[in-house]
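Biologist: Please walk me through this one, starting with how you define the pieces.

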Amino acid sequence: MNRVENRSGGYLSLRLLEHRIGILGDDEALLERLARCFEPGTGEATRETGDTQLTVRLSHASPDGSADERRLGVTTDPAGALDALVGPGPRSPLDLTRALVQWAVDHTRHYVFHAAALRRDGKGILLPADSYSGKSTLAAALGQRGFALLSDEVGAIDPRNGRLIAFPRALSLRRDVLPVLGLSDSLGASFDRGASRMVRANELGLERAESGADASLIVIPTFEAGSATRMLRLGTGPAVLALMHASCSQRRFKAAGLDLVIDLARRLPCYELRFSKLWEAVDRIETVFENLDDRCAGEP
Amino acid sequence: MTPAQPAVSTPPRPDRRPDLIFREVEADFFVYDPVRDRVLLLNATSALILELCDGTRSWEQIAAEVAAAFKVDRELVSKDVEATQRQFRRAGLLRRGTGG
């Protein structure tokens, strides 16, 4: 479990994919801010021999100002683990969250897409897309339709069995999206001068999936202001290209990664979705999901 | 003093990079470039041309083999091969200095 303990200072324990990350700091308020960027759950991945443990020690680089304005000095064990991700110098809690997520993605044995992922009835949907394509919003809206959230950003697949794995970062939602979901725009925690909010699944009334799901459907969303809702089935070639575009792991996986992506593209129905009306898009995804051929799901 | 002889130029013999990763799936041909971290989707003609770029054939010889393989006019194929040559060069698929 993520937790902030009050010992001689504070301690936050995170499980990101197969990694255990311990964060120690002398300011409990800052640790609480950091903890707000993650779900209380830890996901289903289990630690295995050889997995990396990262310890982060925080100190104040500039002690004045509010908890957000105060900048963090960061040292890690192993040393320098996060330096390349955010550059040298002090960081904010949100900077550190991004760096921790990137570190976990860079060091996992799972194949990761920049994607939202959800599950229902044991079947998983992967929504790979660039930033600002609407995948977090779609993930939250699908969550309101009874899908359990695996992640709004890190679509991780276990290459051994094709299962989607939960990633317990809180959802990052634009503040102006929350009313569209029928929610208060003050929900969650505010960072970056309030343009976006980190919101935990339970604050949105969503179920957070602790166990994974068999990848069963791929939908590549693009929000396009004013466009009609269009959902187009992709052939294997375009599907592979789209998945590769969203890949965070291909550089490390090389031939094995290409084979995994081709297998996903051949085995699973893959759609391109253009939308401007959120609930129309959700309806379309739900209809496709409900009509999935069960033979599509399951192990490769 | 002997006058300088004009240099005898041999036609380039394009040679695809050895680190490229190929996969053929149904009618699709994928090439993954691990340096640029990019995957390309080739049609059957381009895939055959890339396969023939093994450092032993000139572009002319490749065009002849492609024309024979697809049983099409050599003139038409030559234009396709020229276009593909430019495409491969832009994509960096050939070993440096071998593509002409």
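Modeller: Helices (H or I, at least four residues) and strands (E, at least two) are DSSP runs numbered from the N terminus, and two strands pair if DSSP finds at least two bridges between them. The model is predicted, so local features need pLDDT of at least 70 and side-chain atom pairs pLDDT 80 or more, while totals for chains, interfaces and linings use all residues. Residues count from 1 along each chain as written, chains are lettered from A and ligands numbered from 1 as written, and side-chain values use heavy atoms, without hydrogens or water.

Biologist: Chain B, then. How many residues sit between E2(B) and E3(B) in their hairpin?

Modeller: Four residues lie between E2(B) and E3(B) in that hairpin. In the turn, Asp37(B) has a positive phi of about 50 degrees. The strands, E2 at residues 28–33 and E3 at residues 38–42 of chain B, are antiparallel and share five bridges.

Biologist: Which residue is the bridge partner of Tyr32(B)?

Modeller: Val39(B), which belongs to E3(B).

Biologist: And helix H1 of chain B, which of its residues are buried?

Modeller: H1(B) covers residues 44–52, and its buried residues are Ser46(B), Ala47(B), Leu48(B), Ile49(B), Leu50(B) and Leu52(B). Buried is under 20% relative accessible area, exposed over 50%, partly exposed in between (1.4 Å probe, protein chains only).

Biologist: What do the buried residues of H1(B) pack against?

Modeller: Their partners in chain B are strand E1 (21–25), E2, E3, helix H2 (59–70) and helix H3 (74–91). Contact here is heavy atoms within 4.5 Å.

Biologist: Over to sheets in chain A. What is the strand order in the open sheet of three?

Modeller: The order is E11-E13-E12 in chain A, and the pairing is antiparallel. E11 (171–174) and E12 (189–191) of chain A are the edge strands, each pairing on one side only. Three bridges join E12(A) to E13(A), residues 196–199, in the antiparallel sense. Ala189(A) stands opposite Met198(A) of E13(A).

Biologist: How many salt bridges over all chains?

Modeller: The count is 24, taking a side-chain nitrogen of Lys or Arg within 4 Å of a carboxyl oxygen of Asp or Glu. One of them joins Asp152(A) and Arg169(A) at 3.1 Å, N to O. That pair links distant parts of the chain, 17 residues apart: Asp152(A) is in the loop between E8 (148–151) and E9 (154–158), Arg169(A) in the loop between E10 (163–165) and E11, in chain A.

Biologist: Are Asp152(A) and Arg169(A) buried or exposed?

Modeller: Both Asp152(A) and Arg169(A) are buried. Elsewhere, Arg274(A) and Glu272(A) have their closest N and O atoms 4.0 Å apart. Arg274(A) counts as partly exposed because its relative accessibility is 23%, and Glu272(A) is partly exposed at 26%. In chain B, Arg17(B) bridges to Asp19(B) at 2.9 Å, N to O. Arg17(B) is buried at 13%, whereas Asp19(B) is partly exposed at 30%.

Biologist: Which residues are linked in a network of salt bridges?

Modeller: Arg120(A), Arg145(A), Asp283(A), Glu286(A) and Glu290(A).

Biologist: Last topic, cysteines. How many disulfides over all chains?

Modeller: Zero in the whole structure, a disulfide being two cysteine sulfur atoms within 2.5 Å. For Cys37(A), the nearest cysteine sulfur belongs to Cys248(A), 19 Å away.

Biologist: Why does Cys37(A) count as buried?

Modeller: Because its relative accessibility is 0%. Cys270(A) also counts as buried, at 1%.
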